[in-house]
Amino acid sequence: MGLRTVVVVALAAWLGWLLARGILRRAVPWIGIAVIAVPLVALFWTERQWVGAEQRFTAIARSIAPGSAGVHCQRLGETFTYAGADLGRVSYAEDGSADGPAMVTYETCQHLSDYWRSSAAEKDAPPLEQVIAVHVLTHEARHLAGDRSESETECRAMQSDADVAQRLGATPSQARALAVTYLISVHPRMPVAYRTTDCRPDGPLDRTPRDRLWP
Ligand SMILES: [Zn+2]
């Protein structure tokens, strides 16, 4: 049971107790009820926002990894127990298949939601953290599809970034610009394990060899 669930159950129980006591005493403590109800409503509202975002990201991940468990956005409560440095993570079962949904960190999911909900004009020049967040979604979807090598996953993901950006509302030219920004500004700074000389136009990992399209 997550921290959020504990908080919601405790607040709801307290709310019920206050109401029941108020009705019995024929004096409902409205201030006390407001103090509990307001954060309760806020918690439900943010949870609904997260569930909506997860459904969207899951649908996009399944366009790359059909039949996969999709995406789980880390909640604020989970950040306190997460010590990893990865912005996303897929764990695997013994048979090598993905074991559950891809985890995407709280901050990365926020950047991803911000990109998704941003206006057409804002998508002309998204902040770098949003570009990275879009790529994290693509990268984890490639892992869900069964890619284990980081460099191959990364290379195939870069060739799907434009498609994913379009599914998040970008125009074809905005989507292509986002993919190129990642390729030029972020990918060269990734650790060695994430890079390979096979990842080049018309190279072994080029999805559409013998054309000039890259990524
Ligand atoms: Zn990876």
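Reader: What is the order of the strands in the open sheet?
Author: The order is E1-E3-E2, three strands with mixed pairing. Strands (E, at least two residues) and helices (H or I, at least four) are DSSP runs numbered from the N terminus, and two strands pair if DSSP finds at least two bridges between them. This is a predicted model, in which local features need pLDDT of at least 70 and side-chain atom pairs count only at pLDDT 80 or more, while totals for chains, interfaces and linings use all residues. Residues are numbered from 1 along each chain as its sequence is written.

Reader: In what sense do E1 and E3 pair?
Author: E1 and E3 are parallel, with three bridges. Cys73 has Val104 in E3 as its bridge partner.

Reader: Turning to the helices, which strands does H2 lie across?
Author: H2 lies across E1 and E3, at about 150° to E1. Such angles run from 0 to 180 degrees between N-to-C directions, with axes fitted to C-alpha atoms, for helices over the stretch in contact.

Reader: Which residues of H2 are buried?
Author: Trp50, Phe57, Ile60, Ala61 and Ile64 are buried, that is, 20 or more other C-beta atoms, placed from the backbone, lie within 10 Å of their own. Their cover includes E1, E3, H4, H5 and H7; contact requires C-beta atoms, placed from the backbone, within 7 Å.

Note on methods. A residue is buried if 20 or more other C-beta atoms lie within 10 Å of its own, exposed if 12 or fewer, and partly exposed in between; C-beta atoms are placed from the backbone. Two residues are in contact if their C-beta atoms, placed from the backbone, lie within 7 Å.
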